[in-house]
Amino acid sequence: MMSEFADILSWIALTVGAFFTVVGALGFYRMPDVYTRMHTAGVIDTVGAGLLLLGMILQAGFSLVSLKLLVLLALFFFFSPAATHALSRAALHAGIEPILHEPEANENERR
Amino acid sequence: MFYTAIFAVLVALALAVARSLKGPTVFDRALAGNTIGTLAILLLALIGFATGRPEFLDIGITYGLLNLIGTLAVLKFFRFGDIGHDDEEEQST
C-alpha cells in the first residue's frame, strides 16, 4: 500500500519534471537574448532536475542511492546559480546589453 | 515511466545542442554547454535507473563537479585570454 503510494507519487514527479525540462529547453531555444536564455535554463536546473531527482529518490527508497541523488540535488542547487551568476557577469562585462524594452511586433511570451 | 523522462531529456538535449550550434555570442554557447552538462547528468541517472544499475550516479556526480569548473574556465579564458592571471589585473579592470 505504502510502496504503491510512493510509486504513484514518483510517477507524477517524473512526468512533471520531464514536462518542465522540455518547456525549459524550448524556452532556451526560443528566447531572444542571452539573459532571458539564462532565465529559462534556470527552469531546467531547478524545477526540471529537482522533480526528476525527487521522482528517482522516491523510487529508490531509503538507501545509498537516494543519498547520492540528494548529493546531486544539492550540487545543482549550489552550482547552477554560481555558474549563471558568473555567466551574466561575464556577459555584462563583455558589453552585451540586456533587452529592456518590448521589441515591436514580437510574440515573445512572458514565462 | 523512466523511458518517458529519458525521451523528454533527449528532446531537451537536442534543443540545447541546436542552441549551442546557433548561438550568436560565446556566452550563449557557454550557457548551452552548462545546460547540456545538467541534462547529461539527468540522462545518466535516468538510464541507470531504467536499466537497474544506479552505479551510474557516481559518474553523474563527477560530471556535475566538472561542469562548473569547465564553465568557469571557459568564461575566464574568454574574459582574460588566459586561464591563469594576476589578481592585480582583475582589480584594475
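Biologist: Is H2(B) mostly covered or mostly open, and how many of its residues are buried?

Modeller: Happy to take that one, bearing in mind that this is a predicted model. H2(B) is mostly covered, with 18 of its 25 residues counted as buried. The helix covers residues 26–50 of chain B, and its length can be checked: at 1.5 Å a residue, H2 of chain B should span 36 Å, and because its end C-alpha atoms are 35 Å apart, the two values agree. After H2(B) comes B:Gly52, which has a positive phi, near 75°.

Now to the partner chain. In the contact between the two chains, 33 residues of chain B meet 37 residues of chain A. On the side of chain B that touches chain A, the elements giving two or more residues are helix H1 (2–22), H2 and helix H3 (56–80) of chain B. Of these, H2(B) supplies the largest share, 11 residues. By residue type, that side of chain B divides into 22 nonpolar, 8 polar and 3 charged.

As for what lies across from it, chain A has 3 helices and 0 strands, running α-α-α from the N terminus on. Chain A is more spread out than a compact globule, because its radius of gyration is 18 Å, well over the 13 Å that the globule rule gives for 111 residues. Its C-alpha trace spans about 55 × 30 × 15 Å along the principal axes. Of the 111 residues in chain A, 37% count as buried. Among chain A contacts between residues at least 6 apart in sequence, 61% join residues at least 24 apart.

Technical notes: Residues numbered from 1 in each chain as written. Chains lettered and ligands numbered in written order. Predicted model: local features only at pLDDT ≥ 70, side-chain atom pairs only at ≥ 80, totals over all residues. Helix = DSSP H or I, 4+ residues; strand = E, 2+ residues; numbered from the N terminus. Expected span 1.5 Å × (residues − 1). Buried ≥ 20, exposed ≤ 12 C-beta atoms within 10 Å, placed from the backbone. Contact = placed C-beta atoms within 7 Å. Nonpolar A, V, L, I, M, F, W, Y, C, P; charged D, E, K, R; others polar. Rg over C-alpha atoms; globule rule 2.2 N^0.38 Å.
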